[in-house]
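Please look at the sequence and the 3D structure below before reading on. The paragraphs after them go through the structure part by part.

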Amino acid sequence: MDRFLAILRNHDIMIWVMAIIVFLLTQVLKLPIKHFTKKIKVEKTRKAINSVILVLPFVLGCLFEFLYCHFIKKEAFDVVAGFLMGGQSIAFYGIFERFLGVKIENPYDTDEGKAVLDSVSDAVSDGTVTTDEIKDVAKTALTGERKSAKDKKKKKEADETPEELQKFLDGIDLK
């Protein structure tokens with residue numbers, strides 16, 4: 001029993017065990033979602049509901065990390081570790097599909113899936129996850145499009161004409 005508790009308290013081992021559990025649970029939870037959304041006639045609505053599948057590993061990763069930290073380790077919960085666990089479960093998906101030859105429909109190959117993965121990587125890139133970044137990930141998963149504040153700022157900068165160029169264009173006589 002002491003050996004079991006020692007393994008249970010070893011975060012390095014448990015994060016991999018929990019990632020496998022998150023992977024398996026995601027695969028189980030996506031089946032009824034796919035089954036019920038096949039009946040929806042409006043494609044946009046069906047895609048929005050199916051896009052929840054893209055967020056499942058990250059939500060489950062955060063949930064498992066919270067439960068593990070709160071009940072087993074009795075430490076503070078780390079959102080970044082939860083997102084990383086979700087990412088690890090996606091890695092297990094790739095390993096499962098690639099090496100075992102079992103083909104499971106990969107929602108991360110779609111544009112919506114890539115947008116969610118990009119949104120999550122941006123959220124965890126600086127080591128802290130803000131509420132706005134979590135909202136951005138959730139919104140990206142629901143809409144399938146990335147519309148973060150960073151992207152809006154980049155688009156605005158790209159749309160603006162540099163001041164020197166604008167002066168030059170204004171000075172051209174078109175008569």
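At 45% relative accessibility, Lys-47 counts as partly exposed, because buried means under 20% relative accessible area, exposed means over 50%, and partly exposed lies in between, with a 1.4 Å probe and protein chains only. Glu-43 has a relative accessibility of 44% and is also partly exposed. The side chains of Lys-47 and Glu-43 meet in a salt bridge, with N to O at 3.4 Å. A salt bridge here is a side-chain nitrogen of Lys or Arg within 4 Å of a carboxyl oxygen of Asp or Glu. Both Lys-47 and Glu-43 lie in helix H3 (residues 43–50), four residues apart, which is about one turn of the helix.

The model is a predicted one, in which local features need pLDDT of at least 70 and side-chain atom pairs count only at pLDDT 80 or more, while totals for chains, interfaces and linings use all residues. Residues are numbered from 1 along each chain as its sequence is written, and side-chain values use heavy atoms, with hydrogens and water left out.

Now the chain as a whole. The protein chain has nine helices and zero strands; helices (H or I, at least four residues) and strands (E, at least two) are DSSP runs, numbered from the N terminus. Of the 175 residues in the protein chain, 32% are buried. Its accessible surface comes to about 11900 Å², and 63% of that belongs to carbon and sulfur atoms. Accessible areas come from the Shrake-Rupley method with a 1.4 Å probe, and for residues only the protein chains shown count as cover. Contact means heavy atoms within 4.5 Å. Among contacts between residues at least 6 apart in sequence, 64% join residues at least 24 apart.

What lies in the interior? A nonpolar core is a set of buried Ala, Val, Leu, Ile, Met, Phe, Trp, Tyr and Cys residues joined through side-chain atoms within 4.5 Å. The largest nonpolar core has 14 residues, of which Phe-58, Phe-83, Val-116, Val-120, Val-124 and Val-129 touch the most other members. At least two residues of this core come from each of H4, helix H5 (79–100), helix H6 (111–124) and helix H7 (131–143). Apart from this core lies another, of 13 residues, among them Val-22, Leu-60, Phe-64 and Met-85. To follow one member of the largest core, take Val-124. Neighbours within four places in sequence aside, Val-124 is in contact with Val-80, Phe-83 and Val-129.

Aromatic rings come next. Rings of Phe, Tyr and Trp (its six-membered ring) pair if their centres lie within 6.5 Å; planes under 30 degrees apart count as stacked, over 60 as edge-to-face and the rest as tilted. By this rule there are three aromatic pairs. In one of them, the ring centres of Trp-16 and Phe-92 are 5.7 Å apart and the planes stand at 85°, so the pair is edge-to-face. This pair links distant parts of the chain, since Trp-16 is in helix H2 (residues 11–37) and Phe-92 is in helix H5, 76 residues apart. Phe-66 and Phe-77 form another edge-to-face pair, 5.6 Å centre to centre with 85° between the planes. Phe-66 lies in helix H4 and Phe-77 in the loop between H4 and H5, so the pair ties together parts that are 11 residues apart in sequence.

Phe-66 and Phe-77 also belong to a nonpolar patch on the surface, together with Leu-63, Leu-67 and Phe-71; the patch has about 450 Å² of accessible area. Patches are made of residues with over 30% relative accessible area and no salt bridge: like charges are joined within 9 Å, nonpolar side chains (Val, Leu, Ile, Met, Phe, Trp, Tyr) within 5 Å. Phe-66 is partly exposed at 37%, and Phe-77 is partly exposed at 33%. Phe-71 lies in helix H4 (residues 52–73) and counts as exposed at 51%.

Lys-74 is in the loop between H4 and H5 and is exposed, with 64% relative accessibility. Most residues other than glycine have a negative phi. Lys-74 is not a glycine, yet its phi is positive, at about 55°. The structure holds two salt bridges, and one of them joins Glu-75 to Lys-73, with the closest N and O atoms 3.9 Å apart.
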